[in-house]
Amino acid sequence: MLTPLNRRELTTLRSLGDSERIRQALDAQGIEYQVKAKSRTSIGALNMGSRELLGAGSLLNQGSTWYEIYVKKEDWEAACHVTGLGSPR
C-alpha cells in the first residue's frame, strides 16, 4: 500500500495518453503506483487557477489536467527503467 511516507514521485505529465502508457508499463511489471490528477482550472486557497487569470480560451491548446504518478520508494529505480524515464538520479 502506498502512503505519503513510503512513496516517491515518478513523473508529472500533462497528457492522459502518456499517463496511460506509463501506467501500462508499471502494471506489466507488477509495480504498485498511484496517480493524482490535478486540474489547473480549479480554484483553491493558494491557487487561483488558469481560467481566472488567463481566460478560458487560453486552456484550449494546453492540457488543463496534470497527472502525478507515484511509486514505492523501493520500486522507484525499477519503475524508471521499465517506463523509459531515464536513469535514476
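Among contacts in the chain (heavy atoms within 4.5 Å) between residues at least 6 apart in sequence, 76% link residues at least 24 apart. The model behind this number is predicted, so to speak of local features takes a pLDDT of at least 70, side-chain atom pairs count only at pLDDT 80 or more, and totals for chains, interfaces and linings use all residues. Residues are numbered from 1 along each chain as its sequence is written, and side-chain values use heavy atoms, with hydrogens and water left out.

Now for the parts list. The chain has three helices and three strands, and going along the sequence they come in the pattern β-α-β-α-β-α. Helices (H or I, at least four residues) and strands (E, at least two) are DSSP runs, numbered from the N terminus. Of the 89 residues in the chain, 27% are buried. Buried here stands for under 20% relative accessible area, exposed for over 50%, and partly exposed for anything in between (1.4 Å probe, protein chains only).

Three strands make an open sheet in the order β1-β3-β2, with antiparallel pairing; two strands pair if DSSP finds at least two bridges between them. β1 and β2 (33-39) sit at the edges with a single partner strand each, so one side of each has no neighbour in the sheet. On average, neighbouring strands of this sheet are turned by 25 degrees against each other, direction ignored. Between β2 and β3, which run antiparallel, there are seven bridges, and K38 stands opposite W66 in β3.

α1 lies across β1, β2 and β3, at about 15 degrees to β3, while α3 lies across β1 and β3, at about 25 degrees to β1. For these angles, axes are lines fitted to C-alpha atoms, for helices over the stretch in contact, and the values run from 0 to 180 degrees between N-to-C directions.

After α3 comes G84, with a positive phi near 75 degrees.

What sits in the largest nonpolar core? Ten residues do: L10, L13, I22, L26, I31, I69, V71, W76, A79 and C80. Such a core is a set of buried Ala, Val, Leu, Ile, Met, Phe, Trp, Tyr and Cys residues joined through side-chain atoms within 4.5 Å. β1, α1, β3 and α3 are the elements that give two or more residues to this core, and α3 gives the most, with three.

R21 belongs to helix α1 and, at 44% relative accessibility, counts as partly exposed. R21 and T83 are 62 residues apart in sequence, yet 8.2 Å apart in space, C-alpha to C-alpha. K72 is in strand β3 and is buried, with a relative accessible area of 18%. Leaving aside residues up to four places away in sequence, K72 touches M1, L2, N6, R7 and E32.
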